[in-house]
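The exercises below concern sheets, helix packing and salt bridges in one model. Please work through each task before reading its solution.

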Amino acid sequence: MIKQKKKETSIKKVESTFKIHKKKRNLPIFSNLIIINMKISALQQARAAYQPKLPQALKGVVKISEGSATKSVADEEAISKMFPNTYGLPIVTFECGETAVDYPAINIGVILSGGQAPGGHNVIAGLFDGIKKLNANSRLYGFLMGPGGLVDHKYKELTADIIDEYRNTGGFDIIGSGRTKLEKEEQFEKGLEILKELNIKALVIIGGDDSNTNACVLAEYYAAKNTGIQVIGCPKTIDGDLKNAYIETSFGFDTACKVYSEVIGNIQRDCNSARKYWHFIKLMGRSASHIALECALQTQPNICIISEEVEKKALSLDDIVTSIAQAVADRAAAGNKFGTVLIPEGLIEFIPAMKSLIAELNDFLAHNGEEYAAIKPAEQREYIIKNLSADNAAVYASLPAGVARQLTLDRDPHGNVQVSLIETEKLLSEMVANKLTEWKKEGKFDSSFNAQHHFFGYEGRCAAPSNYDADYCYALGYTASQLIASGKTGYMASVRNTTAPAAEWTAGGIPITMMMNMERRHGEMKPVIQKALVDLEGAPFKAFAAQRETWAKETCYVYPGPIQYFGPTEVCDKTTATLALEQAK
């Protein structure tokens, strides 16, 4: 009875505190709140009361400052011809203004596109608050389950009650997300139908490089037809590969890396306690190794592989395996039979020999898939080896049976191998074990090797955003509202100088065409936003490279702990090590 009274008292205290916070912000109070049934956590309640910080320029009257004309990062002639209405636009910056402007009420549409990233809800909240400040009668419509919602006319109006329940929360569940590509005229026209029906004058697409490429194409199409509909993009992806001089980071990267680093730190604490396992940890990031590099800088593992370096040095799979095995042997000789290895998800595609093998397999199976499928499973491996070129056959024969089979069976709708499904962490540990067994026979290794395997991916995509991501995303959404008010289209919201206090951040927008180049996709040259890979001459990689030999030999683990939302600003508002090094702060 006493315990029950204490529980009820605790619940009442939390509810009372939550009501006070919500009243201060004029937000709705959740009804029928039952914490013990996990309808909403105490942390979620406290985070709902958090007011994201804004750049000073966005707090009052805002005026726009325009720079000079821009050009694409590459393939200027081709890009300018494909985007005659949205190419060469100036970079814009928002500054504190003096004269208020009366803005008419406007209807806005918003889409969450692609994989989830922490902070997406705050982008929408910032957009909502921004348009409401411009005119309280403005309305926001969310298209459901990604770009497909626009094409299929599935939407809902996002009102204050809905928005307030999602402030500072992770996930994209407010309207859902999807990966439908907007690239056909038929799709553009179907979207235009519902935009006109709802009297929507601007569409905000929140997504990564492919999604914002779609936004650019859509903006050009609607501009060419004089529809009067603006299209604005916001930079999202935990992979961190949507960045440049004006997009310092994609939102969600900070939170995801902090989540992964916490768990890596926990594993390393266990590793240093048990002292008998090598942990092989695969991290999300197919096209770039930003996550692996950031987590390495935060946790100081024994080994971290950077795919871009592997490609530049033309390392073979055996080169990578040998280097890991050597580190295992050296640490064992010093009495340390444990360690950690960080592996980027897309490593396989960056190993030149594997890349060549995968390309030949894709081509071969595209033409001989039925014949291959008809062969008995026990004979399929030899069939593949006999039909590959000598070099690729040798690489294929060296792979563990499970991985080799996966390379030939699991294909995507375009006929390509799904490398993200390859258990690279197990592949490497198995090959390291085989290498050490050989060395033991040769008298080069006299110890034991035991491996554990992990893949951290989805765990970080929908975490409650860090203070940095909560602030950054809110500012991006608010900036998008100002770009709309300024009549811009084909722009991406940009918030810079984010290692400084939020009041000093610079808000504005950059033309999406400025980030584009031509790349071959599915056999055709298409305009796409250029991915930002790890810069091997950049400060983050150099900082890592300067320390990795020491980390490999010694136990230098750092244990970051969980994300901190309350406390000193130097703890709670801390940016990623990557951004701090890039900004030299």
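**Exercise 1.** Determine in which sense strand S3 and strand S6 pair, and over how many bridges.

*Solution.* Strand S3 (residues 107-112) and strand S6 (residues 200-207) are parallel and share six bridges; strands count as paired if DSSP finds at least two bridges between them. Strands (E, at least two residues) and helices (H or I, at least four) are DSSP runs numbered from the N terminus. Within this pair, Ile111 has Ile205 of S6 as its bridge partner. The model is predicted: local features need pLDDT of at least 70, side-chain atom pairs count only at pLDDT 80 or more, and totals for chains, interfaces and linings use all residues. Residues are numbered from 1 along each chain as its sequence is written, and side-chain values use heavy atoms, with hydrogens and water left out.

**Exercise 2.** Describe how helix H9 and helix H10 cross.

*Solution.* The axes of H9 and H10 (residues 290-299) come within 9 Å and cross at roughly 50°. That makes H9 oblique to H10, since angles under 35 degrees count as roughly parallel, over 145 as roughly antiparallel, 65 to 115 as roughly perpendicular and the rest as oblique. H9 residues in the contact include Phe253, Tyr260 and Ile264, while those of H10 include His290, Ile291 and Cys295.

**Exercise 3.** State which parts of the chain the salt bridge of Asp210 with Lys181 ties together.

*Solution.* A salt bridge is a side-chain nitrogen of Lys or Arg within 4 Å of a carboxyl oxygen of Asp or Glu. For Asp210 and Lys181, the closest N and O atoms are 3.9 Å apart. Asp210 lies in helix H8 (residues 209-224) and Lys181 in the loop between helix H6 (160-166) and helix H7 (185-197), so the pair ties together parts that are 29 residues apart in sequence.

Methods. Axes fitted to C-alpha atoms, helices over the stretch in contact; angles between N-to-C directions. Contact = heavy atoms within 4.5 Å.
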